[in-house]
Amino acid sequence: MQSRDNYITMCCKGLACMELISLDTRLALFYYSGRNRLREGLDGDSTGKSVGLYRGVVMEDLGLVAGLFKTSSILESAATALEKLAASKKEEISSAEKHGLSWSGEFLSAMDWNAQQPPKPVAGGLALQATSVRPTFYSCLFRMAPKLRDAGMHDQRQLRSFLSKLYTTLVSSGGGRGPKKQKLTADQSRLGALLLHEMAESILVQINNNGLPQPTATLKDEWKPTSNEITPVFAGR
Amino acid sequence: MKSLPFSQADEDAWHETLRRRELRRCLISLAQLADTVQFTEDFVIETPTILARLIRVTAELLARGIDTTARNQDLEQINTVLGIITPHLRYVERAQISQTPWSIVQSAERLLKLAVGSESHFIIRPSWAYNYSVIGEFASVYREILSCWPWFNIDEWKEQVGLKNNESIYCISFPRIEKANCLLHANWGHEVGHILVARWVAADFGTVWTADESQMKRRIEDQMKKNPPSVDPLFKDMVIQEAVAEQMRATMEVARQGLIELLCDRVGIHLLGPAALAATMEYAARFAMDISPLQSSNYPPWRYRLRKMFEHCEPDLKDYTGVGYPNIEIAEYLEWLKVGSRLSAASTDLDVIKSSIITKEAYEFVSRHWEKAAEKVIAMLPPALARPYRMHENHDVIGKLVLRLKQGIPPNEIAHLSGQPASFQDILVAAWAYKIHKITKNPGWGNSDEYDLLFRLVLKGCESSYVHLTWGDKIDGEKL
C-alpha cells in the first residue's frame with residue numbers, strides 16, 4: 001500500500017506540473033499552428049497498434065496487421081480469379097491470381113476441420129493463421145446460408161460436397177483435370193468467389209473497423225464471447 | 001424525391017471516381033506532412049527522420065499509383081494502408097528533443113542496439129497513455145504490405161527509402177508523466193525483449209503450437225459437446241466446430257500473449273536485473289494482481305509475472321556474507337525486494353487461470369514450453385550480454401554509486417581516478433537502492449524537489465557515462 005500511495009502521489013504531482021507547462025505549450029502551439037497541424041488530434045494512443053507492458057493500448061502488433069492484410073489481399077485476388085473462371089475467361093487469369101487460387105485452396109483446407117487434409121503436413125505459420133481466421137470462415141458461411149440454400153444445399157452433406165469441390169478447384173489453380181462431378185459449375189464458382197470475397201472483406205474490416213472508431217480494449221474484451229463461459233454467438237440463432 | 005438505385009456497375013464506377021480522388025488528396029497531404037516533420041523538427045537521434053522518410057516515400061508512390069496503375073479492386077485496400085501508416089507520423093513528431101528525456105536516450109539506444117543488433121533503429125517517445133510499449137517493425141511491414149500489389153514498384157520504393165533489407169525501425173513509448181522518472185524506464189528492457197521474442201514466435205511458436213493443438217482441441221470439444229446448441233440442419237456439426245474454433249483461437253491468443261509477455265519480462269530482468277524487477281513491482285502495484293487473461297487482453301496476471309521474475313532474481317535475494325553482500329548501501333533495497341517476493345507466494349492467480357478451460361489449457365501449454373523458449377530467446381543475445389546481470393556480482397560498484405547519489409553527485413565514475421564509466425545497469429540499480437534507502441529511513445520522503453534531484457542526478461549520470469564511454473579514450477589522449 002505504501003508503495004502504491006507513494007507512487008500515485010508522485011505521478012499526480014508530475015501531472016500538476018505539466019498542467020502549468022501546458023499553458024506555455026498552448027501559446028507556442030497557437031503561434032506555430034500552421035507548422036504543427038499534426039499535434040491536433042494525433043496524440044491519443046487508443047488506436048495505436050503496439051505491444052507493451054500492459055493493456056493500455058489495443059494489443060495488436062504491426063506484424064499481425066501485415067499478415068492479415070496479406071491474407072485478405074490474396075483471398076480477394078483468388079475471388080477475382082474465380083469470377084473469371086465462372087465467366088469462362090480462364091485465359092485472363094494472371095500468374096499472381098493462379099498463385100492466389102492455390103494458396104487459398106490450401107488455406108481453406110487447413111481451416112475447415114471437415115476438409116480432407118492435404119497429404120503434406122500444414123506448416124506452423126499456416127496452421128497459426130488458420131487458427132486465427134477459422135471463426136471468420138465459419139461465420140462467413142453462416143452469413144451466406146440463404147444463398148447456399150438458393151443454390152440447392154439443404155444439409156451438411158451437400159455443403160461439404162460443394163466445399164470439397166471448391167478446395168479442389170482452388171488448389172489446382174482452377175485447372176483441375178479430375179472427373180466432371182468434382183468440378184464446379186459456373187454458379188458454384190460464383191458462390192465460391194463470394195465466400196472468398198466475404199472472408200477477404202471480413203479480415204480487412206478487422207484491420208480498419210470499416211472506418212469506425214475502435215472500441216476501447218476493455219470494452220472489447222467484455223464483449224468477447226470467450227471472456228466468460230457464455231457464448232453469445234448462439235444467442236441470436 | 002425517390003431516386004432509382006444504381007446498377008452494380010454504376011455504383012462501382014461512382015465509388016471508383018470518388019475513392020481515387022480522395023485517396024490521392026489524402027496521400028499527397030500525408031507526404032507533405034511527413035516532409036515537414038522530417039525537416040523541421042529536432043531529434044536526439046536520426047531514427048525519427050528515417051521513419052518520416054519511409055512514410056513520405058510510401059505515400060508519394062501510392063499517390064502516383066492511384067493516378068496510373070492501381071486497380072479498382074485495390075482502392076479499399078489502399079485506404080486501409082493509409083489508415084495504418086498515417087498515425088505512425090505521430091511517433092516521429094513526439095520524438096523531438098523537448099519531448100524526451102534526451103540525456104538518457106543515447107545510452108538507452110546503445111544498450112538496445114547491443115541487445116538486438118546494430119541494424120535496428122529506435123525511436124523513443126512519450127505517450128499520454130500510461131503505458132510502456134514497443135511498436136514495429138515498420139520497414140518490413142511496409143514492404144510486406146506494399147508487395148501485395150503487382151502494380152506497385154517495390155524496387156523503386158526500396159531505393160528511395162534507402163534502408164537495407166536487414167535494417168529495422170522500432171518505436172518505444174513511455175508514459176509522458178514519467179518522462180524524467182528514469183528509474184521506471186528500466187521497463188525498456190521488457191520492451192526490447194519484444195523484438196527478440198517476436199523472432200522466436202516467428203521461428204518456433206507455430207511448430208510448438210501445432211504439436212499440441214489436436215490434444216487441446218479434443219479436450220475443448222469434449223467440454224463443448226456436453227452442452228450442444230440447437231442448430232440449423234445445414235450447419236449441424238459446423239456450429240459446434242465454430243464454437244470450438246472460437247475457443248481454440250482464444251486459447252492460442254492467451255498462450256501466445258502469455259508466453260510473449262513472460263519471455264519479455266525474462267529479457268528485461270536478464271538485462272537490467274533488480275532494476276527491472278523493482279520497476280515492474282511499482283508499475284504492477286497500481287493494478288489488481290489476479291485478473292484473468294481473458295479480461296485483460298490476454299496478458300498474464302501480474303502475480304504470475306512477478307513470480308517468474310522473482311524466480312530469476314533468486315541468486316540476488318540471498319546473502320553472501322563471505323563477500324560482504326549485501327553491503328550497507330544496498331541492504332534496505334534487498335530487504336524491500338524480499339518483502340515484495342511474498343506477493344508471489346500466494347496462488348490466487350493460478351486459481352483464476354484454472355477456472356476457465358481456455359486459460360487452463362493455455363497456461364499448461366506455457367508451462368510445457370517455458371524453459372526451452374526462455375533458453376532460446378536468451379541465446380539470441382550477443383555474447384557481451386549472454387550472462388544475466390546480477391546485483392551481487394556488482395555490489396561494490398553499486399555501493400559507490402549510491403554514495404555519490406547521497407552526496408548529490410551524478411552516479412557515473414566509480415572513483416575519479418579509475419577513469420572507468422559506470423554501466424547503464426549499475427546506475428539504474430544504484431538509483432533504486434538510493435530511493436528505497438530514502439523511503440525506508442523516512443516513509444514521507446519524496447516531495448517533488450527530492451524526486452526531481454534524484455531523477456536529474458541519474459539522468460546526468462547516464463549521459464556522463466555515455467559521453468565517457470564514447471569519447472573518453474580520445475579525451476584522455478589529448479592535452480587539454
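Which residues does B:Ile124 touch, not counting residues up to four places away in sequence? Hold that thought. A quick word on the chain comes before the answer.

This is a predicted model. Chain B has 17 helices and three strands. Its C-alpha trace spans about 85 × 65 × 45 Å along the principal axes. The chain has 480 residues, and 50% of them are buried. Now the contacts. Take those in chain B with a separation of 6 or more: 83% of them join residues 24 or more positions apart.

Next, one helix. Helix α16 of chain B covers residues 424-441, so 18 residues in total. At 1.5 Å a residue, that helix should span 26 Å. Its end C-alpha atoms are 26 Å apart, so expectation and model agree. As for burial, α16(B) is mostly covered. Of its 18 residues, 14 are buried.

Back to the opening question. B:Ile124 sits in strand β1 of chain B, residues 120-127. Is B:Ile124 buried or exposed? Buried, because 29 other C-beta atoms lie within 10 Å, and the cut-off for buried is 20 or more.

And the partners? B:Ile124 touches B:Ala95, B:Thr100, B:Val105, B:Ala108 and B:Ile172. That list leaves out residues up to four places away in sequence.

One more pair to look at on the screen. B:Val92 is 32 residues from B:Ile124 in sequence. In space, the two are 9.2 Å apart, C-alpha to C-alpha.

To recap: α16(B) has 14 of 18 residues buried, and B:Ile124, in strand β1 of chain B, is buried too. That's it from me.

Terms used: Residues are numbered from 1 along each chain as its sequence is written. Chains are lettered from A and ligands numbered from 1 in the order in which they are written. This is a predicted model: local features need pLDDT of at least 70, side-chain atom pairs count only at pLDDT 80 or more; totals for chains, interfaces and linings use all residues. Helices (H or I, at least four residues) and strands (E, at least two) are DSSP runs, numbered from the N terminus. A residue is buried if 20 or more other C-beta atoms lie within 10 Å of its own, exposed if 12 or fewer, and partly exposed in between; C-beta atoms are placed from the backbone. Two residues are in contact if their C-beta atoms, placed from the backbone, lie within 7 Å. The expected span of a helix is 1.5 Å times one less than its number of residues.
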